[in-house]
Structure formats: C-alpha cells, structure tokens
Amino acid sequence: MISMFKPSWMFRDIYHVSPEFLAGNHIKYVLTDLDNTLIPWNQIAGDEKLAEWLKEMKKYGIKVIVVSNNSYSRIEHALVDYDVNFVSRALKPLTFGIDRAIRKYSLNRKETVMIGDQLMTDVFSANNSRINSILVKPLVNNDSWTTWFNRFIERFVFQLLKKKYSDIHWQ
Ligand SMILES: [Mg+2]
C-alpha cells in the first residue's frame with residue numbers, strides 16, 4: 001500500500017529536473033502539476049525562469065503538458081505566456097486527468113513522468129496510472145486551505161516511506 005505513494009525520484013524543485021536527466025531515463029513526456037509546482041498557488045502567472053525551463057525542455061524534444069485539478073480559466077491565465085498544452089479539472093488523486101493526457105497526446109507510459117508537489121495527489125495518481133513520478137517541494141509553504149488536510153496526511157506517509165525505502169532523498 002505505501003508503495004503507491006513512492007515517487008520514482010525526488011527533486012527540490014523543477015529547476016533541478018534537467019532535460020539531460022529526463023533523457024537519460026528515457027523520458028520524453030512531462031506531465032506536470034501547476035500550483036506550487038510551476039507557479040506559487042497564490043500567484044496568477046509564472047516568471048522568466050519558468051519560461052527558460054520550458055524552452056530548455058522543448059530544445060531537447062521533451063513535451064510538457066500541465067495536468068492540474070484547477071479550473072480551465074486559472075490554468076489558461078497562468079500559462080498565457082507559455083506554449084504549453086494542459087488538462088484542467090484532472091481529479092487527482094484519480095487517474096482521470098493523466099489518462100486523458102496520455103490518450104489525447106498518444107503518450108507512451110514508460111516514456112512519461114508526472115511532476116508534482118503532493119504525494120497524495122500527484123504521485124499517487126501517477127503510480128495508479130503506471131507512469132513515473134517526480135516529487136518536488138512546494139514553491140511556497142502556505143498552501144490553500146483545500147490542501148491542508150492532504151499535507152497533514154502527507155507528513156505521516158512521508159515518514160513511512162523514509163522508514164521503508166533507502167532512496168527517499170532530495171536530489
Ligand atoms: Mg500542487
């Protein structure tokens with residue numbers, strides 16, 4: 001059961017996830033969470049650093065698709081300056097949004113990774129969809145109230161993971 005919450009890899013933030021690392025692990029498609037993964041949950045849009053990261057991915061032929069539980073309008077506004085496809089109302093921890101992205105863009109699961117800041121939604125749904133996952137630390141520590149309960153459970157699950165797996169560490 002606890003293995004369903006185990007991320008394939010852990011990085012401090014998306015900027016530590018390089019196209020070289022992904023290519024080295026045969027990853028061609030990045031599904032990524034939006035809030036607190038790409039953009040702080042309480043900000044409207046991303047910055048120049050995010051634009052650079054997305055450009056780097058594109059240069060290496062890695063396709064990035066945002067898979068978020070948030071609304072169409074929130075995501076559309078957030079990504080207006082970037083050339084990125086997205087799936088809204090993804091219903092994570094269910095696999096609905098991930099599976100939709102996989103079907104819509106004809107992705108190979110083995111070549112796909114889900115990046116996100118929550119074990120309970122992003123990593124759990126990735127594992128249930130049988131794709132790779134990367135856990136990152138949230139960009140800002142004060143979450144929206146809707147994720148408070150998830151964070152509470154997450155601390156407990158994280159302790160169990162650390163006990164069971166020796167490779168639970170931030171890269
Ligand atoms: Mg998030």
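Predicted model: local features only at pLDDT ≥ 70, side-chain atom pairs only at ≥ 80, totals over all residues.
**Entry 1: surface and ground rules**

Residues are numbered from 1 along each chain as its sequence is written, and side-chain values use heavy atoms, with hydrogens and water left out.

**Entry 2: overall build**

I looked up the secondary structure and found six helices and six strands in the protein chain. Helices (H or I, at least four residues) and strands (E, at least two) are DSSP runs, numbered from the N terminus. Along the sequence they follow the pattern β-α-β-α-β-α-β-α-β-α-β-α. The radius of gyration is 15 Å, close to the 16 Å from the globule rule for 171 residues, so the chain is as compact as a globular protein of that length. That radius is taken over C-alpha atoms, and the rule is 2.2 Å times the number of residues to the power 0.38.

I also checked burial: 51% of the 171 residues count as buried. Buried means under 20% relative accessible area, exposed over 50%, and partly exposed in between (1.4 Å probe, protein chains only).

**Entry 3: the magnesium ion**

Which residues hold the protein donors of the magnesium ion? I found Asp33 (OD), Asp35 (O) and Asp117 (OD), lying 2.1 to 2.3 Å from the ion. Donors are N, O and S atoms within 2.8 Å of the metal (3.2 Å for Na, K and Ca); water is not among the atoms, so sites may look incomplete. The spacing of the donor residues in sequence is D-x1-D-x81-D. Asp33 and Asp35 are both buried.

In helix 4 (residues 96-104) I listed Gly97, Ile98, Asp99, Ala101 and Ile102 as buried. Their cover includes strand 2 (29-32), strand 3 (63-67) and helix 5 (119-128), among others. Contact means heavy atoms within 4.5 Å.

Pro93 sits in the loop between strand 4 and helix 4, and a cis peptide bond with omega of about 15° joins Lys92 to Pro93. Arg89 is in the loop between strand 4 and helix 4, with a positive phi near 45°.

**Entry 4: His26**

Is His26 buried or exposed? His26 counts as exposed, because its relative accessibility is 60%. Its phi is positive, about 60°, although it is not a glycine.
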